[in-house]
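Student: I have a model open and want to learn to read its packing. Where do we begin?
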Amino acid sequence: MAQAAPLMPKATAVWLVENTALSFDQVAEFCKLHPLEVKAIADGDAAQGIKGLDPIQTGQLSREEIEKAEGEPDYRLKLLDPKVRLPVAKRKKGPRYTPVSRRQDRPNAILWLVRNHPELKDAQIMRLVGTTKSTIQSIRERTHWNAQTLQPMDPVTLGLCSQIDLDLEVHRAAKEKPIDATAQGATLLPASETTARKSEPEQPAETEKEKKRADDLNVDAVFAKLKQIGGGAGGKSEE
């Protein structure tokens, strides 16, 4: 059975990055995040403004567990058995909810998705960044009211979605996209056909006859010329 994610995973990841020597992989595995997300948190590119949540105070980790993981890079943190079990919240269908503080970044994230993953459908982009179809269409057609100042930015770095969700949608789009046979390089002719000498077309029968007649005329002309030369040479010798 897979280990459940800790309470407030991003806030927990922020605290672990700031207060421990755990590797990005260890923090990502415990908080159910992508290692690139954890790296972005460490670099200050993601989770800005999120206050770290101490997992020791919340009873999710022990100090001994953290120290053991710090000494063994391959060790994976284990969530303590909670005293109170909460029901797992089911994910609702439809667009993802985006906090008010992040909503101004959505057009930049949409532009990044449209440019870097054109195979994504509008519904998938809506699920990732929580936008509307009309907004996506206006950004595709460069008719958005702020199109001149938009800059493509990774939605994972902006904190609008996780790298796992993005990879999942890209994988789905790649599976659903039909394979174009013309794009697989099958239009090239084989070498045996391109290197083979083309056979000369057979000439019509009339052309062959005309050629033979021309050859006969040429032979007769040569003999006549030789006779003239021979005759001229004989007359000079007799004189």
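Predicted model: local features only at pLDDT ≥ 70, side-chain atom pairs only at ≥ 80, totals over all residues.

Student: Which residues of H6 are buried?

Tutor: They are Asp 122, Gln 124, Ile 125, Met 126, Leu 128 and Val 129.

Student: What do the buried residues of H6 pack against?

Tutor: They pack against H5, H7, H8 and H9. Take Ile 125 as a case. Leaving out residues up to four places away in sequence, Ile 125 touches Ile 110, Leu 113, Val 114, Leu 120, Gly 130, Thr 131, Ile 136 and Arg 140.

Student: How should I read a nonpolar core?

Tutor: The general idea first. In soluble globular proteins, nonpolar side chains tend to be buried together. Now this model. The largest nonpolar core has 21 residues. Those touching the most other members are Ile 110, Leu 113, Leu 120, Ile 125, Leu 128, Val 129 and Leu 166.

Student: Which elements give two or more residues to this core?

Tutor: Helix H5 (106-116), helix H6 (122-129), helix H7 (133-140), helix H8 (155-158) and helix H9 (163-176) do. H5 gives the most, six residues.

Student: Let me follow Leu 16. Where does Leu 16 lie, and is it buried or exposed?

Tutor: Leu 16 lies in helix H1. Its relative accessible area is 0%, so Leu 16 is buried. Setting aside neighbours within four places in sequence, Leu 16 is in contact with Leu 22, Val 27, Phe 30, Cys 31, Pro 55, Leu 61 and Ile 66. Leu 16 and Ala 42 are 26 residues apart in sequence, and their C-alpha atoms are 9.9 Å apart in space.

Student: How do I describe two packed helices?

Tutor: Two packed helices are described by the angle between their axes and the distance between the axes.

Student: Which residues meet where H1 packs on H3?

Tutor: From H1, Lys 10, Ala 13, Val 14 and Val 17. From H3, Glu 37, Val 38, Ile 41 and Ala 42. By class, the contact of H1 with H3 has six nonpolar, no polar and two charged residues.

Student: Now H2 and H3. At roughly what angle do their axes cross?

Tutor: The axes of helix H2 (residues 24-31) and helix H3 (residues 35-43) cross at roughly 115° and come within 8 Å. That makes H2 roughly perpendicular to H3. The crossing of H2 and H3 is right-handed.

Student: Which residues of H2 and H3 meet?

Tutor: Phe 24, Asp 25, Val 27 and Ala 28 in H2 meet Pro 35, Val 38, Lys 39 and Ala 42 in H3. This contact has six nonpolar, no polar and two charged residues.

Student: What about loops? Is Asp 105 buried or exposed?

Tutor: Use the cut-off: buried means under 20% relative accessible area. Asp 105 has 15% relative accessibility, so Asp 105 counts as buried. Asp 105 lies in the loop between helix H4 (63-71) and H5. Not counting residues up to four places away in sequence, Asp 105 touches Leu 158 and Leu 160.

Student: Where is Leu 160?

Tutor: Leu 160 is in the loop between H8 and H9. At 5% relative accessibility, Leu 160 also counts as buried. Compare the chain with space here. Leu 160 and Ala 46 are 114 residues apart along the chain, and their C-alpha atoms are separated by 9.7 Å.

Student: Now zoom out. How many helices and strands are in the chain?

Tutor: There are 11 helices and zero strands. Buried residues make up 29% of the 239 residues.

Student: And how do I read the contacts by sequence separation?

Tutor: Take contacts between residues at least 6 apart in sequence. In this chain, 65% of those contacts join residues at least 24 apart.

Note on methods. Residues numbered from 1 in each chain as written. Heavy atoms only, no water. Core = buried A, V, L, I, M, F, W, Y, C linked by side-chain atoms within 4.5 Å. Buried < 20%, exposed > 50% of the residue type's maximum accessible area, 1.4 Å probe, protein only. Helix = DSSP H or I, 4+ residues; strand = E, 2+ residues; numbered from the N terminus. Contact = heavy atoms within 4.5 Å. Axes fitted to C-alpha atoms, helices over the stretch in contact; angles between N-to-C directions. Parallel < 35°, antiparallel > 145°, perpendicular 65-115°, else oblique. Left-handed = near helix turned anticlockwise from the far one by under 90°. Nonpolar A, V, L, I, M, F, W, Y, C, P; charged D, E, K, R; others polar.
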